[in-house]
Amino acid sequence: MNMRGAQIVCKSLLREGCDVVFGIPGGAILPLYQTLPEFPDLRHILVRHEQGAAHAADGYARVTGKPGVAVATSGPGATNLVTGIAAAQMDSVPMVIVTGQVGRPSIGTDAFQETDITGITLPITKHNFLVMEAKDIARVIKEAFFIANSGRPGPVLVDIPRDVFMEEVDYEEPLELDLPGYKPTISGNNRQIKKASALIQSAKRPVILAGHGVIISRAYDELKELAERAQIPVITTLLGISCFPEDHVLWTGWPGMHGMAYSSLALDEADLIVALGMRFDDRITGNAEKFSSKSKKIHVDIDPSEIGKIIPVDVPIVGDVKDVLVKLNELVEPSTHSDWLKRIETLKKDHPSLRLPETDKLLARQVIRDISEITEGNATIVTGVGQHQMWAAQHYEFKNPCSLLTSGGSGTMGYEVPAAMGAQVASPDGTVWSIAGDGGFQMTLCELATIVENKLPVKFAILNNGFLGMVRQWQEIFFESSYVSTGYSGNPDFVKLAEAYGIKGIRVTDKTQVKTAIQDAMEHDGPVLIDFIVEQEENVYPMIPSGMTVKDMIEEPSSERVTV
Amino acid sequence: MTTTTDKHTITALVEDQPGVLNRISSMFRRRGYNISSLAVGQSETDGLSRMTFVVEGDPETVEMVAKNLHKLVEVIKVVNISSGNTVSRELALVRVNADVTTRSEIMQIVDIFRAKIVDVSQGTLIVEVTGDENKVDSLVDLLRTFGVHEVMRTGTIAMSRGVSYEEDTPG
């Protein structure tokens with residue numbers, strides 16, 4: 001059957017199970033756009049900026065577990081995707097990005113809107129392709145989806161010249177993948193798993209450190225089984241949050257720079273860390289050489305290059321977390337660790353970490369607690385990056401797996417608006433709260449138009465302190481409160497802004513109005529933006545300054561009078 | 001952590017496609033690994049090339065190099081052959097000053113090294129030498145006393161001895 005390249009792209013996307021594409025047209029990608037009406041099952045969501053397309057695809061992918069798809073034109077269209085692609089790469093999010101390229105005869109001539117996007121994205125994609133013949137499109141898209149969502153997931157970019165979209169070829173269904181150099185290890189080595197089981201058996205003070213890998217492999221039940229069977233406290237990473245229920249007695253918070261003090265202390269006192277699908281990020285380890293120096297480490301990860309990268313490991317296991325846990329659970333004998341669990345209880349009592357001061361002021365932390373209470377921990381929380389992100393992670397009580405979407409590795413401000421959009425598209429009936437700061441919100445707020453156009457009922461909470469809050473905090477602590485370029489005196493009236501987009505806007509200036517506003521937002525059928533005018537100079541605690549150890553932790557400001 | 005920095009030889013079998021070398025060199029640059037030499041050529045199989053890297057670093061670093069090479073989709077096989085019993089060779093061309101008074105002395109040195117003179121002109125010779133890195137280094141050093149104009153080296157290629165075909169590194 002004869003088909004044009006653009007038709008093959010659409011057909012291939014549908015064949016791979018893609019039902020929605022986030023994008024914005026332009027010259028080089030136009031032949032693909034003009035073909036979209038022939039494929040009504042392929043829903044296209046018209047974003048306002050390509051960065052929005054990339055983050056929306058990311059949010060969609062995290063919620064569904066399927067690759068998110070973003071489309072953009074050549075040159076600036078493609079380069080605008082770069083921030084979103086890098087964020088997905090850092091957080092192992094499966095994405096397939098299709099970019100238009102100038103026509104084949106123009107490649108290399110510095111033609112209008114020509115950019116070497118495969119060159120640019122080489123270090124920030126899992127893999128990328130430049131397709132020079134229409135007959136290769138079907139195979140390449142099949143391979144792109146397979147690479148994106150197998151092994152350690154990641155973004156795959158497919159760059160297609162304009163004339164290749166228009167080239168007509170005989171379409172053949174691609175049968176088999178031909179990727180001799182790509183064979184991810186899924187099944188964990190039995191001998192290594194036996195060694196791990198023996199280490200767990202002999203440990204007196206074991207902890208599980210569960211990362212994003214547990215969510216990616218959907219290994220929630222297996223994690224719970226291991227923790228309960230061997231009575232091991234569970235600490236998660238930032239991206240691991242929600243992989244283990246926070247109301248579970250073994251849940252022991254998350255550690256690191258702004259994590260709970262008791263979690264960092266438990267890691268420091270442990271004699272065994274069972275690290276599952278995580279990569280010992282510097283926000284967790286601080287000074288890696290002094291990190292949890294008394295413990296042995298079992299490290300399970302599907303990416304062999306993560307093992308031994310930061311921390312020497314006693315038992316490395318390459319494989320899918322779920323596969324490894326199923327096998328490990330068959331070997332691990334039940335135990336109690338009652339002394340250790342008592343010690344953990346004491347740590348939690350002596351270092352509660354997340355107490356709020358008695359005050360009439362409107363604190364950002366209070367807003368998160370109230371959202372948590374009113375949504376009963378059942379919302380999908382999407383954050384930007386900075387203080388509000390840390391407070392959301394600390395104070396929201398996550399009840400459901402995979403319910404925190406945040407740019408952990410790359411720390412991308414502006415993620416909160418488009419990623420929430422993608423999450424809501426993925427889960428049309430779910431409650432999605434985008435927790436934003438006034439800084440990050442303004443980086444991608446143009447997507448409010450997309451949200452309105454597509455009738456997405458996302459609820460936005462702007463924790464508006466008029467500062468780039470986390471940067472201001474660093475200036476306060478490390479630069480004698482010299483607030484260079486962190487004050488936002490020119491903020492717009494966010495309520496009027498929301499209304500200009502046709503979104504319900506609410507302003508909250510007083511502690512007593514918080515719950516009512518959140519209730520109103522929940523009851524409103526459609527998107528809502530609440531502008532919370534919060535205390536300007538609050539800091540996030542606990543804090544372990546960059547590159548330091550648990551001994552350098554500032555647990556809370558000495559001045560605060562606290563209640564539990 | 002060990003502090004021993006040594007030279008290690010890694011070979012990789014890769015798909016012969018545009019951009020592969022770019023991907024590999026980008027990975028080395030991004031991760032901050034040092035390549036002291038790199039040689040690329042066709043392998044025994046059509047469509048596949050074999051690369052030989054000589055990498056400086058402690059054993060942990062070299063292991064990370066191998067793992068990160070392996071992670072690239074177009075890299076099919078990675079073997080660290082530093083520890084094994086291997087044959088390693090490189091080829092060098094050296095343009096050296098040679099007048100009537102020095103020519104015969106140079107020819108003697110070239111003979112000892114089982115090298116060859118491949119070009120003679122009024123005031124210079126081109127010497128071709130094959131051998132492992134040390135041998136080539138020694139000859140170049142000796143020739144420097146006569147005045148070396150130009151040195152071209154291919155970089156090391158290496159193969160393990162015996163019948164055993166190279167085995168994949170774990171992971």
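What you're looking at is a predicted model, where local features need pLDDT of at least 70, side-chain atom pairs count only at pLDDT 80 or more, and totals for chains, interfaces and linings use all residues. Residues are numbered from 1 along each chain as its sequence is written, while chains are lettered from A and ligands numbered from 1 in the order in which they are written.

Now find A:Asp110, which sits in the loop between strand S5 (95–101) and helix H6 (117–120) of chain A. Although A:Asp110 is not a glycine, its phi is positive, at about 60°. Is this residue, A:Asp110, buried or exposed? For these words we count the other C-beta atoms within 10 Å of a residue's own, with C-beta atoms placed from the backbone: 20 or more makes it buried, 12 or fewer makes it exposed, and in between it is partly exposed. A:Asp110 has 8 such atoms within 10 Å, so it is exposed.

Move along to A:Ser292, in the loop between helix H13 (282–285) and strand S12 (296–301) of chain A. Here too is a positive phi, about 40°, on a residue that is not a glycine. A:Ser292 is buried, because 26 other C-beta atoms lie within 10 Å.

One more stop in chain A: the loop between strand S20 (528–533) and strand S21 (562–563) holds A:Pro542. The peptide bond joining A:Tyr541 and A:Pro542 is cis, with omega about -5°.

Next, see where the chains meet. Two residues are in contact if their C-beta atoms, placed from the backbone, lie within 7 Å. By that rule, 16 residues of chain B are in contact with 13 residues of chain A. On chain B's side, helix H1 (20–31), helix H2 (59–71) and strand S4 (75–80) each supply at least two residues. H2(B) gives the most, with six residues. That side of chain B divides into four nonpolar, four polar and eight charged residues. Here, Ala, Val, Leu, Ile, Met, Phe, Trp, Tyr, Cys and Pro count as nonpolar, Asp, Glu, Lys and Arg as charged, and the others, Gly among them, as polar.

Finally, stay in chain B for B:Thr156, found in the loop between strand S8 (148–153) and strand S9 (157–160). B:Thr156 counts as buried because it has 22 C-beta neighbours inside 10 Å. Leaving out residues up to four places away in sequence, B:Thr156 touches several residues, including B:Thr9, B:Ser37, B:Arg89 and B:Glu133. B:His70 is 86 residues from B:Thr156 in sequence, and their C-alpha atoms are 20 Å apart in space.

Definitions and conventions:
Helices (H or I, at least four residues) and strands (E, at least two) are DSSP runs, numbered from the N terminus.
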